Amino acid sequence: MEQFNTNNRRREWRSGIAAPVVILLVTLLLAFFTFTLINGQANASLGVRLIASVLLSLLLVFNLFVIYQQVYNNRIRRQVSEELAISRLIRENAADMIAVVDADGRRVYNSPSYQRVLGYTPAELESTDSFEQIHPDDRQLVKDAAEETRRTGQGRRLEYRFRHKNGSWRLLESTANLTRNRRGEPEKFVIVNRDITERREAERALRDNELRQAQRMEAVGRLSGGIAHDFNNLLGVIIGYTDILEMHLKEGDPLRKSVEEIRKTGQRATALTRQLLAFSRRQVLEPKVVDLNAVVADIEKMLHRLIGEDIELKTVLAPSLGSLLADQGQIEQVILNLAVNARDAMPQGGKLTIETANVILDETSTRHLPTARAGDYVMLSVSDTGIGMDPQTKAKIFEPFFTTKEAGKGTGLGLATIYDVVQRSEGHIWVYSELGQGTIFKIYFPRVQAHAQRAAAKTRPPQSELAGGTILVVEDDDSLRTVTRDLLVQSGYSVLDAGTGEQALQIVQRHCAPIHLLLADVVMPGMSGPALAGQLAHTHPEAKVLYTSGYTDQTIVRNGMLDPGILLLEKPYTRDALIRKVRVALGDIAPNQDEADSIAELRDAPAVPSK
């Protein structure tokens, strides 16, 4: 090829220099004869001499013009030659396959990449019809795309299968453009094909892996949810009797320290069960329009205490950040869990950076997020300068109960819970990490148009701690029912209690006085709490309803969110939480915004018709 280019340049140089040399020789010859003619005729007139001189001058000027024209043409010729060489270099080395097809479908040109990718030589392709190697099921798709290109001049991107020379099928991504002749008629199609077989197989493998991961998490989640349900009842008994013990111990009593330790242990166990519930998707969500910048700012002081003084915390909050729709408490938990992981990855200290930003994901940027759709997102980025992870560890970090921490230092639920929270918020998570360089978590939440608003707290005059009223407590766990009854009685309420819905209805039939509140477990053997509430509404329409649950199902919850008008007390609960929720349900104290919304919906709901 190099020898061919050298010979070609030599031929161009010889053809370019030959014309000026010939013209110069002719000019010199004419000048010689003119000079001889003039000098040979002594009696030549002055006019003849003048004419001869003018002709000779014009000939010299014309010769100079021809020489200039040849030099200019040579320069243009070199530029065109260089451009052709670059074009040939691109065609011969491009990874994409380039084809030119005439209006009748005959192949006019096929780039050498066809042979590298599909095994066919240009001659083999030119001798066949342009549709011959296309999969029979895809031919009509390609024909329709070609017809659309013929009409519009610009083809759409499409994918189709093309037979390799070895008989296998490759998946091609193709675009086409149309060129027209001077009369505006279609002349040639320029088609660019790209082999995306490996890319699609990798994406399919990633989706399959995510599906298997989701199935594993669902299976373990069901198990975890069942464990959390039973554990919540046990914790409710422990925490309840801790409150009773504390009420009877005087200040300074040495036993108060032991009781406080029991309480702290119960709180840690409660946090663990809440992680299990979040992981198993049994936790009640309260989605709101959330200002992510405000969430980060609110917990920044807590983060400083959490990560310690040897780790620098830097927050980079984007101005005019969009809003997202999520459960604010769970978003806070995501940030806290990531901060704890970052702290543990930097035992010698380091830097933790929390960043927010508005981002737009297009088709290109969503390739590393196969489940994401193009659109507007709010990004939360948490990065550290810790020890980082190898690819094998990174592939397992979202698996439940997987942890790299030593025994007793981690549950393996932190990142699994984060993954589930992000999924339930319709978000997406991306992780990058290198050993010795640190880790970056980027979470993308869909941006919403609404603006987050902080509800103003409602206040009412202080009420007496002791209150009155009759409460029907229905709980299938005997120990939890007993401690709940004791806490309510000590707070001034009259209590009726039953272990099942059927027993509760029998008690109601014998009780003639008003029942002010039904406090019922959602999930019970036989009749559920909501079914009991419906029956009670016929005989005691004055009774308010407060549900308790440590394991939500679809009875009062849809997709993790409470049905409208439902008040729920989550297990395990403390005495303060129990009494406050009871007083809110009875209207004795002001509710917070979420409780107020539920009460308003209850008030506006139509009455249950009597049968």
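Predicted model: local features only at pLDDT ≥ 70, side-chain atom pairs only at ≥ 80, totals over all residues.
Trainee: What is the order of the strands in the open sheet, and which are the edge strands?

Mentor: The open sheet has 5 strands in the order E14-E13-E15-E16-E19, with parallel pairing; its edge strands, each pairing on one side only, are E14 (494–498) and E19 (568–570). On average, and with direction ignored, neighbouring strands of this sheet are turned by 20° against each other. Helix H12, residues 478–490, packs on the sheet and touches E13, E14 and E15, while its direction makes about 170° with that of E14.

Trainee: How many cavities of 30 Å³ or more are there, and which residues line the largest cavity?

Mentor: The general idea is that rolling a probe the size of a water molecule over the atoms shows where empty space is left. In this model the count comes to 1 cavity of 30 Å³ or more, and about 40 Å³ of space lies in the largest cavity. Its lining consists of Val473, Val474, Glu475, Thr484, Leu519, Ala520, Asp521, Thr548 and Tyr573. Strands E13 (470–474) and E15 (517–521) are the elements that give two or more residues to this lining, with the largest share, 3 residues, coming from E15.

Trainee: What is the make-up of that lining by class?

Mentor: The lining of the largest cavity has 5 nonpolar, 2 polar and 2 charged residues.

Terms used. Residues numbered from 1 in each chain as written. Heavy atoms only, no water. 1 Å grid on protein atoms, 1.4 Å probe; cavity = no way out; pocket = protein on both sides within 12 Å on 5 of 7 lines; lining within 4 Å. Points joined across faces, edges and corners; volume = space filled by probe spheres on them. Helix = DSSP H or I, 4+ residues; strand = E, 2+ residues; numbered from the N terminus. Nonpolar A, V, L, I, M, F, W, Y, C, P; charged D, E, K, R; others polar. Pairing = 2+ DSSP bridges. Axes fitted to C-alpha atoms, helices over the stretch in contact; angles between N-to-C directions. Contact = heavy atoms within 4.5 Å.
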